[in-house]
Amino acid sequence: QNETVFTEFILLGFSSNPVLRLSLFSLFSVLYSATLVGNALVFVLICLDYRLHSPMYFFLCHLSIVDICYSSNNVPHMLGNLLGQGRTISFAGCGTQIHLYLIFALTECVLLAAMSYDRYVAICHPLRYVLIMNWRLCLTLAAVSWAVGFTFGTLQASLALQLPFCGPCEVDHFFCEILAVLKLACTDTTVNKALIFAVCVCFLLFPLALILISYLRILATVLRTRSAAEWHKTFSTCGSHLIVVGLFYGNAVFMYMVPENANLSGRAKVLSLFYSLVNPSLNPLIYSLRNKQVKEALLRFKGRRR
């Protein structure tokens, strides 16, 4: 009898202090702008410069697309809330945020694993690199990443949105994050949480294990060489990917695999900010500053513009 048909949710977001909200709006606006500009620039450079038409940059291009879409899914609405334009979101809008959030997060999990395999083949099997990492395999890995993200993201979102919800319809988050929305359900959500945990095992721990195995093999190969130049080249190409992997998987494990604690609800907001703003804004910066080819492509692009 307590079930209610909700047409909208209230996003509690951050502090109600006007000064703090304005400061957060300024900070988040800068990070969101950096995310859009940085990832768009990486995408354009890869598309325009034929020297970057290789498997590594092909996957980096897809990563830039995922980061732009990931941030644009919830950050604009969050910025509007910080300006006091209303904290409500329709049920359809909330479902869309959950759906897209899961799709892009799961896609990036598989995409980062594919990028580590590319680095493993490039360093451990350089003479067979072109043969192994052919364009058919690259397209297949990219298609599988998107297909897996869409399939399992749709499954989890569908199960969550079919639940009956009870009042109050207040989501203790700055967007419709699936765990925060499940707390409002007036029925048992054990199946939903078990599915989320199972998906985390499959798409966090399993890809992370593959990434660690790839880099252990890379480390073993590098240790057998005595060339300092080869060491520098290896760590310059793999270091950026390891930083991105550490940020992405580290946050994900803490968010979805550490036991939930009601007293640490703010932790989920902070970690979600890393996913929505910090990681996407850092990815192009990490790759551009640590990658010689990207910096050279940027200089050539500036020269053509002049």
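I began with S71, which touches Y32, T35, P76, S276 and P280, leaving aside residues up to four places away in sequence; contact here means heavy atoms within 4.5 Å. Before going further I noted that this is a predicted model, in which local features need pLDDT of at least 70 and side-chain atom pairs count only at pLDDT 80 or more, while totals for chains, interfaces and linings use all residues. Residues are numbered from 1 along each chain as its sequence is written, and side-chain values use heavy atoms, with hydrogens and water left out.

**Entry on S71**

I located S71 in helix α2. Helices (H or I, at least four residues) and strands (E, at least two) are DSSP runs, numbered from the N terminus. Is S71 buried or exposed? I found S71 buried, with a relative accessible area of 0%. Buried means under 20% relative accessible area, exposed over 50%, and partly exposed in between, with a 1.4 Å probe and protein chains only. I also looked up a polar contact, that is, a pair of N or O atoms within 3.5 Å; within protein, one must be able to donate a hydrogen and the other to accept it, and residues adjacent in sequence count only if both atoms are side-chain atoms. The side chain of S71 reaches the backbone oxygen of S276 at 2.5 Å.

**Entry on the whole chain**

I counted ten helices and five strands in the protein chain. Of its 306 residues, 46% count as buried. Among contacts between residues at least 6 apart in sequence, 79% join residues at least 24 apart.

**Entry on the sheet**

In what order do the three strands of the open sheet lie? I read the order as β3-β2-β5, with mixed pairing. The edge strands are β3 (88-90) and β5 (170-171), each of which pairs on one side only. Two strands pair if DSSP finds at least two bridges between them. Strand β2 (residues 8-11) pairs with β5 in the parallel sense over two bridges, and with β3 in the antiparallel sense over three bridges. I10 has E170 as its bridge partner in β5 and T88 as its bridge partner in β3.

**Entry on helix α5**

I turned to α5 (residues 135-161), which has 27 residues. From its first C-alpha to its last, α5 reaches 38 Å, close to the 39 Å expected at 1.5 Å a residue; the expected span is 1.5 Å times one less than the number of residues. At the start of α5, a side-chain oxygen of N134 reaches to within 3.1 Å of the backbone nitrogen of R136. The buried residues of α5 include C138, A142, G149 and A160. What covers the buried residues of α5? I found that the cover includes α2 (55-82), α3 (91-124), β4 (165-166), α6 (178-182) and α7 (190-223).

I then checked N192, which is found in helix α7. N192 counts as buried at 9% relative accessibility. Leaving aside residues up to four places away in sequence, N192 touches L159, A160, L163 and L182.

**Entry on the record**

I consulted UniProt, where an unreviewed entry places the feature "transmembrane region" at several spans, including residues 24-48 and 55-73. UniProt positions are given in the numbering used here, feature names are shortened, and annotations may be inferred rather than shown by experiment. In the model, the end C-alpha atoms of residues 24-48 lie 36 Å apart, and this span is 100% helix. For residues 55-73, I found the end C-alpha atoms 27 Å apart, again with 100% helix and 0% strand.
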